[in-house]
Amino acid sequence: MRLRVEFTTEPFDLDEAPAHALVAREVIETAELDAVDVGPFGNTAEGGAGRVLTAVDALLRKSLEAGATRVSLQVNVIDDVTGEGDR
């Protein structure tokens, strides 16, 4: 199964990316996910269910530890194919 995660971390700072946003970006960019798109107001990534769920766990833990006061996320199933993408 493939999943897409969309997330934001708060509080926002339009002048400089806060530590929690930088940590969240690093987690997603190093998680071996596909179609990673990191932006100032929202971020998305896709991948096998196992990798996405592991990344979401790390994202929540690390961004909260780095000062996020809110993490909004949405996870969607983008296909139902099982197999190698599940890792």
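Arg61 is exposed, with a relative accessible area of 53%. In this predicted model, the Arg61 side chain meets that of Asp57 in a salt bridge, at 2.9 Å from N to O. Six salt bridges are counted in all.

- Arg61 and Asp57 both belong to helix H2. They sit four residues apart, about one turn of the helix.
- Arg61 counts as exposed because its 53% relative accessible area is over the 50% cut-off.
- Asp57 is partly exposed, at 38% relative accessibility. That value falls between the 20% and 50% limits.

- Glu10 and Arg70 form a salt bridge through their side chains, with an N to O distance of 3.8 Å.
- Glu10 lies in strand E1 and Arg70 in strand E4, so this pair ties together parts that are 60 residues apart in sequence.
- Glu10 is partly exposed, with a relative accessibility of 22%.
- Glu10 also takes part in a backbone feature: a cis peptide bond joins Glu10 and Pro11. Omega there is about 10°.
- Pro11 is placed in the loop between E1 and H1.

- Arg51 pairs with Glu32 in a salt bridge. Their closest N and O atoms are 3.7 Å apart.
- Arg51 is in helix H2, while Glu32 is in the loop between H1 and strand E2 (34–38), so the contact ties together parts that are 19 residues apart in sequence.
- Arg51 counts as partly exposed at 32% relative accessibility.
- Glu32 is exposed, at 58%.

**Salt-bridge network**

- Arg2, Arg4, Asp34 and Glu46 are linked in a network of salt bridges.

**Positive phi angles**

- Which phi does Glu32 have, given that it is not a glycine? Glu32 has a positive phi of about 60°.
- The place of Glu32 is the loop between H1 and E2. Its 58% relative accessibility makes it exposed.
- Ala35 is not a glycine either, and it has a positive phi of about 50°.
- Ala35 is in strand E2. This residue is exposed, with a relative accessible area of 51%.

**Largest pocket**

- The largest pocket has a volume of about 300 Å³.
- Its lining is made of 19 residues. Closest to the centre are Ala17, Pro18, Ala21, Gly39 and Pro40.
- Two elements give two or more residues to the lining: strand E1 (2–10) and helix H1 (19–29).
- H1 supplies the largest share, four residues.
- By class, the lining has eleven nonpolar, six polar and two charged residues.

**Nonpolar surface patch**

- Leu60, Leu64, Leu73 and Val75 form a nonpolar patch on the surface. Together they have about 280 Å² of accessible area.
- Helix H2 (49–65) and strand E4 (70–79) are the elements that give two or more residues to this patch.
- Val75 lies in strand E4.
- Val75 is partly exposed at 35% relative accessibility. Patches are made of residues with over 30% relative accessible area, so Val75, at 35%, passes that limit.

**Glu26 on helix H1**

- Glu26 is found in helix H1.
- Is Glu26 buried or exposed? Glu26 is exposed, with 52% relative accessible area.
- Glu26 and Thr8 are 18 residues apart along the chain. Their C-alpha atoms are separated by 14 Å.

**Points to locate in the structure**

- For strand E4, look at Arg70, which pairs with Glu10 of strand E1, and at Val75.
- For the pocket, go to the residues closest to its centre, including Ala17 and Gly39.

Terms used
Residues numbered from 1 in each chain as written. Predicted model: local features only at pLDDT ≥ 70, side-chain atom pairs only at ≥ 80, totals over all residues. Heavy atoms only, no water. 1 Å grid on protein atoms, 1.4 Å probe; cavity = no way out; pocket = protein on both sides within 12 Å on 5 of 7 lines; lining within 4 Å. Points joined across faces, edges and corners; volume = space filled by probe spheres on them. Nonpolar A, V, L, I, M, F, W, Y, C, P; charged D, E, K, R; others polar. Patch = residues over 30% accessible without salt bridge, like charges linked within 9 Å, V, L, I, M, F, W, Y side chains within 5 Å. Areas by Shrake-Rupley, 256 points an atom, 1.4 Å probe, with all protein chains shown as cover. Salt bridge = Lys/Arg side-chain N within 4 Å of Asp/Glu carboxyl O. Buried < 20%, exposed > 50% of the residue type's maximum accessible area, 1.4 Å probe, protein only.
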